[in-house]
Amino acid sequence: MTDTLHEPFHTDPSTDLSTHVPLTKPQLPSIATTLAAAVSWGLAGLPALLLSWPIAGWVVVGWILFVLALPTWSGLIEGGRKAVDRLVTILVWSTFALAMLPLVAVIYTVVERGAGALSVEFFTASQQGVLGEGGGIYHAIMGTLIITVIASVISIPIGIMAAVYLVEYGKNNRLSRTLTFLVDVMTGIPSIVAGLFALALFTLLLGPLPRIAIGGSIALSVLMIPIVVRSTEEMLKLVPDELREGALALGVPKWRTITKVVLPTALGGIVTGATLAVARVAGETAPLLLIAGTLRGTNFNPFDGAMQTLPVLIFGEATRGGLAEYVPFQIERAWGAALVLIMIVMLLNLLARVVGSFFSPKTGR
Amino acid sequence: MAKSIDVSDLNIYYGDFLAVSGVNMTVKARQVTAFIGPSGCGKSTVLRTLNRMHEVIPGARVEGKVVVDGQSLYDPSVDPVAVRRQIGMVFQRPNPFPTMSIYDNVLAGNKLNARKMKKSEADDIVERSLKGANLWNEVKDRLSKPGMGLSGGQQQRLCIARAIAVRPQVLLMDEPCSALDPISTSAIEDLIHELKSEYTIVIVTHNMQQAARVSDDTGFFNLKATGEPGQLVEFNPTKKMFTNPDNEATEAYISGRFG
Ligand SMILES: Nc1ncnc2c1ncn2[C@@H]1O[C@H](COP(=O)(O)OP(=O)(O)OP(=O)(O)O)[C@@H](O)[C@H]1O
Ligand SMILES: [Mg+2]
């Protein structure tokens with residue numbers, strides 16, 4: 001007993017760790033993943049062909065084989081840690097693919113069914129006097145642009161200023177805590193309620209059943225403001241206090257510190273957040289249906305009368321019914337408008353990324 | 001022009017936490033005063049009260065008096081912005097503005113206050129300040145590049161250049177050389193010697209030799225005991241402090257026989 005305790009740590013040179021730490025380990029070849037995948041789905045293909053399973057069945061069985069095969073193989077050759085690594089890698093990639101599935105499916109369907117509707121006339125004509133074939137969605141594109149732009153002009157400044165108050169001035173006092181709570185509540189407001197709010201507001205101002213596009217903008221603002229406040233708030237919180245202190249210590253007043261140091265530093269994120277908020281409300285249907293109404297012609301005046309928008313047009317065309325011979329054209333028009341709406345939203349997202357990376361602070365060497 | 005600072009019975013709080021208590025000292029005009037002491041004893045905290053940067057931290061407050069050339073800093077009628085314009089500061093951690101180029105970072109004190117000036121004047125200020133901070137040669141060819149692209153020590157010197165560009169009357173430096181190599185350190189010490197003829201300088205340092213080299217007066221801070229607030233143990237001319245200190249703890253700390 002005592003002997004082993006007092007024995008020097010390394011006696012036998014062959015177990016001397018300081019000289020014999022192996023840095024290399026057996027590894028699977030780099031094509032192992034591809035190989036295992038090919039074998040798994042190949043094996044699953046046999047019963048799938050013989051029993052004529054649907055494709056989904058083949059994919060799932062192949063996946064199960066793959067999940068079992070690659071980590072087991074790796075475990076036998078590379079050891080436990082690598083095997084777990086490979087298993088988790090497969091799971092992460094699989095969930096990613098699963099998450100992408102609905103997105104890809106939606107885009108595929110919309111493009112497949114909507115692409116046929118696109119034409120020059122589709123983008124330049126309204127539906128004034130058109131019942132069956134022909135006409136376009138120019139009026140709805142313009143309506144969506146006008147209503148969304150006005151909504152952004154209302155809500156982005158309000159949202160950013162509210163966030164500046166919460167982060168820079170509120171400092172967790174009672175008012176700012178109340179505001180944060182209200183913003184959280186607002187985030188959860190169903191869009192139809194925002195529409196009802198605008199409807200009630202303009203019923204008070206204009207009498208029963210008002211149809212006015214600015215009402216749609218206001219309803220969308222109600223939905224946008226909390227998103228802008230939230231995203232801006234998070235961005236402002238990311239700006240390190242050291243920067244604020246650096247500016248203050250130079251004798252810069254607080255408002256200049258905020259406008260010239262804090263906001264520019266966070267600008268990339270703020271712009272991204274605002275653009276995503278725009279993209280989010282551009283597809284709202286319910287509130288616009290309630291207050292902006294529907295129109296077959298083009299209306300550029302947001303303060304007078306109904307205005308058609310893309311989501312409302314899609315809803316209308318897809319549900320109108322009417323003469324049987326018109327229905328196919330209406331359905332095609334709805335898909336076409338859906339494609340245009342998705343393109344607009346994607347364009348906005350893309351724009352958000354470009355603008356975001358353009359404004360974000362650079363380290364550049 | 002240069003200012004002296006009288007501190008009397010200063011207690012400094014973070015919320016309910018008394019960080020430093022009972023500080024009394026006089027920082028003389030056109031002299032270099034060094035603060036030394038173990039980590040966490042409140043050197044940075046005291047320094048930040050001298051230009052009213054302490055109150056920027058939520059809940060932070062100060063009791064007692066800080067008088068700069070006869071004006072009480074914590075008088076309700078005093079504008080902290082005006083104070084900070086005269087009493088500049090270099091922080092313990094470099095904090096260049098990430099949205100600005102090197103050039104704009106140096107001019108930040110002027111630009112952020114929307115002070116108009118000619119291009120030639122601005123160029124002069126940038127060159128003079130960067131030379132003062134011993135950074136000019138390294139960055140003169142890439143003044144328009146972002147300040148964040150510099151190394152840690154270069155960023156620290158950029159912040160020193162930024163602080164001296166506005167020609168404050170008092171300059172507070174919190175461990176300005178902690179990230180610098182010996183060459184830059186000696187350049188900063190030269191700068192301190194040079195600035196001393198016009199400005200009042202307070203420097204926090206963990207480097208005893210540096211305190212001995214650059215300062216005229218030295219203040220030794222220490223914790224009363226663990227969990228107790230920090231205090232100013234001894235404040236004396238540097239010569240006396242390093243040869244014949246009044247306090248045993250000071251001698252122990254300076255000679256390295258300490259904790
Ligand atoms: N923002 C803050 N909030 C609360 N307590 C703080 C804050 N900053 C510092 N303190 C506390 O105040 C005390 C003094 O801190 P200070 O930063 O002044 O030390 P220091 O002497 O500068 O130390 P170092 O040499 O490590 O820089 C410490 O106990 C610290 O925990
Ligand atoms: Mg410190």
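The points below are grouped by topic.

This is a predicted model, in which local features need pLDDT of at least 70, side-chain atom pairs count only at pLDDT 80 or more, and totals for chains, interfaces and linings use all residues. Residues are numbered from 1 along each chain as its sequence is written, chains are lettered from A and ligands numbered from 1 in the order in which they are written, and side-chain values use heavy atoms, with hydrogens and water left out.

**Chain A**

- Chain A has 14 helices and zero strands (DSSP runs numbered from the N terminus: helices are H or I with at least four residues, strands are E with at least two).
- The radius of gyration of chain A, taken over C-alpha atoms, is 30 Å, well over the 21 Å from the globule rule for 365 residues, so chain A is more spread out than a compact globule. That rule is 2.2 Å times the number of residues to the power 0.38.
- The C-alpha trace of chain A spans about 100 × 75 × 40 Å along its principal axes.
- Of the 365 residues in chain A, 39% are buried (under 20% relative accessible area, 1.4 Å probe, protein chains only).

**Nonpolar cores**

- The largest nonpolar core holds 42 residues; B:Leu130, B:Leu143, B:Met173 and B:Ile192 touch the most other members. A core is a set of buried Ala, Val, Leu, Ile, Met, Phe, Trp, Tyr and Cys residues joined through side-chain atoms within 4.5 Å.
- Helix H7 of chain B (residues 152-165) gives the most to this core, with six residues.
- Apart from this core lies another of 31 residues, including B:Val27 and B:Cys41.

**Pockets**

- The largest pocket has a volume of about 340 Å³. A pocket is an open set of points on a 1 Å grid over the protein atoms alone, where a 1.4 Å probe fits, with protein on both sides within 12 Å along at least five of seven lines; lining residues have an atom within 4 Å of a point. Volume is the space filled by probe spheres set on the points, which are joined across faces, edges and corners.
- Among its 16 lining residues, A:Lys171, A:Leu248, A:Lys254, B:Val56 and B:Ile57 are the closest to the centre of the largest pocket.
- H10 of chain A gives the most to this lining, with four residues.
- The second largest pocket has a volume of about 290 Å³. Of its 13 lining residues, the closest to the centre are A:Glu245, B:Arg48, B:Phe91, B:Gln92 and B:Arg93.

Key: Buried < 20%, exposed > 50% of the residue type's maximum accessible area, 1.4 Å probe, protein only.
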